[in-house]
Amino acid sequence: MMTRKMTLRLVDPYAEALLALASGQGLLDTFTADIRFLAAVLQATPELGEFLASPLVKAEAKKKLLQQVFAAQIHPLLLNALQLLTDRRRIMFLEALCRRFLELQRKLQNIVLAEVTTAVPLTEAQQQLLRERVKDFTQASGVELQISQDPTVLGGVILKIGSQVIDLSLRGQLRSLALRLV
């Protein structure tokens with residue numbers, strides 16, 4: 001089984017090359033949107049990832065499928081990169097490549113990823129306020145929110161920025177109070 005570290009070693013050169021290509025061509029925003037789209041499609045249809053990862057499926061069949069599914073959806077240069085990944089037998093790492101590209105893009109543009117967990121959906125105004133607070137806290141030029149819901153949070157918010165966790169949830173406050181009482 002391949003570890004995350006091994007996967008990163010395989011994926012890093014391709015992610016960096018894609019980032020350099022996108023930056024050099026003035027297509028960073030386009031590539032970023034396209035790669036977000038690819039990641040969403042892979043997450044929504046695990047069968048696609050399984051098909052691309054299968055060693056039993058010939059490269060030509062994979063390239064044909066990529067062409068049919070994504071030709072009208074993503075930039076031609078990115079589609080060519082996917083074809084190259086297929087030729088080099090690295091297309092099985094497409095999901096990891098998407099994640100790594102987005103990490104590098106955020107780092108390049110000084111954008112922070114904030115993972116937010118709430119009990120109920122946040123309104124657009126609450127999301128904007130959260131972005132502003134995180135931006136002030138981190139001194140980043142931008143903030144990207146990754147919002148998930150967990151009813152066990154009860155209320156409030158749990159915010160994860162990098163390795164730092166800020167627990168402002170009702171569940172966290174109750175746990176803290178219980179620890180102080182013991």
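Helices (H or I, at least four residues) and strands (E, at least two) are DSSP runs, numbered from the N terminus. The views below show a predicted model, in which local features need pLDDT of at least 70, side-chain atom pairs count only at pLDDT 80 or more, and totals for chains, interfaces and linings use all residues. Residues are numbered from 1 along each chain as its sequence is written, and side-chain values use heavy atoms, with hydrogens and water left out.

**Figure 1. The second largest pocket, with α7 (124-138) and β3 (157-161) in its lining.** A pocket is found on a 1 Å grid over the protein atoms alone, as an open set of points with protein on both sides within 12 Å along at least five of seven lines; a cavity is a set of points where a 1.4 Å probe fits but cannot get out, and lining residues have an atom within 4 Å of a point. Grid points are joined across faces, edges and corners, and a volume is the space filled by probe spheres set on the points. The second largest pocket holds about 270 Å³ of space. It is lined by 13 residues, of which Leu129, Leu130, Arg133, Val157 and Leu168 are the closest to its centre. α7 and β3 each supply at least two residues of this lining, and the largest share, 6 residues, comes from α7. By class, the lining has 10 nonpolar, 2 polar and 1 charged residues. Here Ala, Val, Leu, Ile, Met, Phe, Trp, Tyr, Cys and Pro count as nonpolar, Asp, Glu, Lys and Arg as charged, and the others, Gly among them, as polar.

**Figure 2. The largest pocket, with a volume of about 420 Å³.** Among the 14 residues that line the largest pocket, Ala39, Gln43, Arg99, Leu102 and Gln146 are the closest to its centre. At least two lining residues come from each of α2, α6 and β2 (142-149). The largest share is that of α6, with 6 residues. The lining of the largest pocket comprises 5 nonpolar, 2 polar and 7 charged residues.

Figure 3. The structure holds 1 cavity of 30 Å³ or more. The largest cavity is lined by Leu10, Val11, Tyr14, Leu85, Arg90, Phe93 and Leu97. Helix α1 (residues 4-24) gives the largest share of this lining, 3 residues. The lining divides into 6 nonpolar, no polar and 1 charged residues.

**Figure 4. The packing of α1 against helix α6 (residues 94-108).** The axes of α1 and α6 lie 8 Å apart at an angle of about 55 degrees; axes are lines fitted to C-alpha atoms, for helices over the stretch in contact, and angles run from 0 to 180 degrees between N-to-C directions. The two helices are therefore oblique to each other, given that angles under 35 degrees count as roughly parallel, over 145 as roughly antiparallel, 65 to 115 as roughly perpendicular and the rest as oblique. Residues in the contact (heavy atoms within 4.5 Å) include Leu8, Val11 and Tyr14 of α1 and Leu97, Phe101 and Leu104 of α6. By class, this contact has 11 nonpolar, 3 polar and 5 charged residues.

**Figure 5. The packing of helix α2 (residues 28-44) against helix α3 (residues 46-53).** The axes of α2 and α3 are 4 Å apart, and the angle is about 100 degrees. α2 and α3 are therefore roughly perpendicular to each other. Val41, Leu42, Gln43 and Ala44 of α2 meet Pro46, Leu48 and Gly49 of α3. The contact of α2 with α3 has 5 nonpolar, 2 polar and no charged residues.
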